[in-house]
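Have a look at the sequence and the 3D view, then read on.

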Amino acid sequence: MTASPQRAAEFAGDEVGRHETLNSISANHSTAPAESSFLPGPVLLLGAPGVGKGTQAQLLVTKYGIPQISTGDLLRGNIARGTQLGMQAQQIMSTGKLVDDSLVNQMVLARLHEKDTRRGYILDGYPRTLDQARFLDATLADLALAPNLPVVAISILVDFDQLLQRITGRRICPVCKSIYNVHSNPPAIAGRCNVDGTHLIQRPDDTEAVFIQRMKTFAEQTAPVVSHYRALGRFQEVDGDQSVESVIAAIEASLLRLRQAAHQQLTTSN
Ligand code: AP5
């Protein structure tokens, strides 16, 4: 089912100009003055591999000026730098299983202490186990990390067949991390990043076989995390099987509703 890189590149070439690229969508979502005072706070983007967490997180970064904290990207950064953590993570990631909770928790904790998280942040791909969720809840409660707003969680839903097509068609820029898809969001020049011209790559875990294992891991270990945040409230589901623009619009509407509800809860209890 996986398209060969050559065929994929040809397909991408065929499609040039027929699809709006993520970067042009992103440009349309630059911070609007009316919304610049909105404080997003901590946002969890939950969902199976390929639902669009990274794509949507990049748009939220542009819109609200808050950082994306992707544990997958942090781990891949460690692999690229050849750190001990990277060496431990590489083999696990190539099989579609999860890296140890303690390693990931410490990596996230260090990142949350950086100054750019003050207005909020988007956690993309974390927490992924109930232990990680409990660690995050306890950390945020204990450390009173700024911004002192409760976490809100958004879960993106897409069906299996669509996910498989997205995962096997994904290409990424190893330099600026822009995300493309040979089917739905090809670069302007086949195989090259629109932003910096770098050769696009395919992630080693974006094969059909590893995807199937990642989906099993999601069902066994991450679905309970979705249930955990659903039960806590401050949770919304978004249909991810629509255009990137429609998904970001639904996420922003959910975010506003969740923040308003949390604010009302706080004022009622005071
Ligand atoms: P990670 O990098 O987090 O991968 P993932 O969760 O499997 O998610 P993906 O990055 O694959 O997908 P996405 O939802 O971000 O989709 P994207 O926007 O790119 O994790 C990788 C590995 O690291 C794990 O397997 C694990 O080993 C380890 N790891 C990471 N975090 C961990 C943790 N907390 N604990 C333990 N281990 C951890 O979109 C996908 C494609 O679809 C793209 O091509 C995009 O262009 C396209 N697309 C997006 N939106 C749309 C749309 N609306 N319509 C059509 N196409 C779309």
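## Before we start

This is a predicted model, where local features need pLDDT of at least 70, side-chain atom pairs count only at pLDDT 80 or more, and totals for chains, interfaces and linings use all residues. Residues are numbered from 1 along each chain as its sequence is written, and side-chain values use heavy atoms, with hydrogens and water left out.

## Around the ligand

The ligand is surrounded by 35 residues (each with a heavy atom within 4 Å of it). Thr55, Lys97, Arg128, Arg170 and Arg214 are the closest. By class, the shell has 13 nonpolar, 13 polar and nine charged residues (Ala, Val, Leu, Ile, Met, Phe, Trp, Tyr, Cys and Pro count as nonpolar, Asp, Glu, Lys and Arg as charged, and the others, Gly among them, as polar). Helix α4 gives the most, with four residues.

Now for some polar contacts (pairs of N or O atoms within 3.5 Å). A backbone N or O atom of lysine 53 is 2.9 Å from a ligand oxygen, and one of glycine 125 is 3.0 Å from a ligand nitrogen. Arginine 203 uses a polar side-chain atom, 2.9 Å from an oxygen of the ligand. Of the 1,100 Å² that the ligand exposes when taken alone, the protein buries 96% (areas by the Shrake-Rupley method with a 1.4 Å probe).

The contact (heavy atoms within 4.5 Å) involves Gly72, Leu75, Arg76, Asn78 and Ile79 of α4, and Leu85, Gly86, Ala89, Gln90 and Met93 of α5. These residues divide into five nonpolar, four polar and one charged.

Definitions and conventions
Helix = DSSP H or I, 4+ residues; strand = E, 2+ residues; numbered from the N terminus. Polar contact = N/O pair within 3.5 Å; in protein donor to acceptor, adjacent residues only side chain to side chain.
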